[in-house]
Amino acid sequence: MLERIRVLRDRIAQACGRCGRDPADIELLPVSKRQSLDAVREAVAHGFHSFGENYVQEGVAKHLEMPELKFNLIGPLQRNKAKVALMHFAEIQTLDRLDLAARLVRLAEELSAERGVWIQMNLWDEPTKTGGCPESELSALFSELGTSALLKVRGFMAIPPPGQESAFTEMALLRERWQQKTGLPLLLSMGMSGDLEQAIEAGSDQIRVGTALFGERTLQP
Ligand SMILES: *Cc1c(COP(=O)(O)O)cnc(C)c1O
């Protein structure tokens, strides 16, 4: 893992060099989905303590084993799993619809749980297997989330279609528009193992990296 971390840090530094950013400003979120507990422990030994998980059940199981770590949900969230997700995930990155927002607001209150949430965007209108909402729904989402003292909007998360480089720039512009409208500081979570350079150069604040850090995923979904 050490060698992969070295390569990754170098890729981040190179991308930052090309656009005049400070590598310290880029958060590297390791994605531990379908990686073993031992793999997570190894990452912890290298200084990581927040992890991205795609599947609610897998993330909950890991959090129960390692309650001292923070797990962020980066995979789709169904309404009926909203409560268990809020109990075990420090942040939910896949908030993408009003009914889910309303439910999370109510459940956060019920559990007295302070949580970070990211609004997952889909500006590209591809089949929404991966979720995400269009910009037209953002006003309603921000209004709903604004009613909660416990849920804090951290920014926007996106999984742009592979190879569509303009997608990162579109997200950067969207962030600017909504920072102005809401007056909130909003971060961008975008970029994965295969496209983190383009994401960083477009202004991403957090990259979510699985295979480039851990190697191939080993567990079945
Ligand atoms: C799996 C996954 C990642 C990490 O993907 P890699 O290509 O392994 O880096 C990042 N974000 C989301 C939403 C994912 O599902």
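Two remarks on conventions come first. Because the model is predicted, local features need pLDDT of at least 70 and side-chain atom pairs count only at pLDDT 80 or more, while totals for chains, interfaces and linings use all residues. Residues are numbered from 1 along each chain as its sequence is written, and side-chain values use heavy atoms, with hydrogens and water left out.

I begin with the overall fold. The protein chain contains nine helices and eight strands; these are DSSP runs, H or I of at least four residues for helices and E of at least two for strands, numbered from the N terminus. The radius of gyration is 17 Å, close to the 17 Å that the globule rule gives for 221 residues, so the chain is as compact as a globular protein of that length. That radius is taken over C-alpha atoms, and the rule is 2.2 Å times the number of residues to the power 0.38. Along its principal axes, the C-alpha trace spans about 45 × 40 × 30 Å.

How many of the 221 residues count as buried? The figure is 50%, where buried means under 20% relative accessible area, exposed means over 50%, and partly exposed lies in between (1.4 Å probe, protein chains only). The chain exposes about 10,500 Å², and carbon and sulfur atoms supply 50% of that area. Accessible areas come from the Shrake-Rupley method with a 1.4 Å probe; for residues, only the protein chains shown count as cover.

Contacts, meaning heavy atoms within 4.5 Å, also deserve a word. Among those with a separation of 6 or more, 60% are between residues 24 or more positions apart.

I turn now to charge. The chain has 26 positive and 30 negative charges, and their mean positions are 3 Å apart. Lys and Arg count as positive, Asp and Glu as negative, and His and the chain ends are not counted. Each charge is placed at NZ of Lys, CZ of Arg, CG of Asp or CD of Glu.

Side chains of opposite charge can pair when their charged atoms come close. The structure holds 15 salt bridges, each defined as a side-chain nitrogen of Lys or Arg within 4 Å of a carboxyl oxygen of Asp or Glu.

One of them joins Asp205 to Arg21, with the closest N and O atoms 3.8 Å apart. Asp205 lies in the loop between α8 (196–202) and β8 (206–209) and Arg21 in the loop between α1 (2–19) and β1 (27–30), so this pair ties together parts that are 184 residues apart in sequence. Asp205 is buried, at 15% relative accessibility, whereas Arg21 is partly exposed, at 22%.

Lys62 takes part in two further bridges. With Glu53, the N to O distance is 2.8 Å; with Glu58, the closest N and O atoms are 2.7 Å apart. Glu58 and Lys62 are four residues apart in helix α3 (residues 56–65), and are thus separated by about one helical turn. Both of these residues are buried. Elsewhere, salt bridges that share partners join Arg79, Asp96, Arg97 and Asp99 into one network.

Against which elements do the buried residues of α3 pack? They pack against α2 (37–45), β2 (50–53), β3 (70–73) and α4 (82–88). The buried residues of this helix are Val56, Glu58, Gly59, Val60, Lys62 and His63.

Asn72 is found in strand β3. Is Asn72 buried or exposed? At 3% relative accessibility, Asn72 counts as buried. Beyond its neighbours within four places in sequence, Asn72 is in contact with residues including Leu29, Phe51, Glu53 and Phe89.

Tyr55 sits in the loop between β2 and α3 and is partly exposed, at 35% relative accessibility. Setting aside residues up to four places away in sequence, Tyr55 touches Lys33, Arg34, Leu73, Phe89 and Pro221. Tyr55 and Gly75 are 20 residues apart in sequence, with their C-alpha atoms 6.0 Å apart.

Two helical residues complete the survey. Leu173 is in helix α7 (residues 166–182) and is partly exposed, with a relative accessible area of 45%. Leu173 and Ala202 are 29 residues apart in sequence and 9.6 Å apart from C-alpha to C-alpha. Arg106, in helix α5 (residues 98–111), is partly exposed at 46% relative accessibility.
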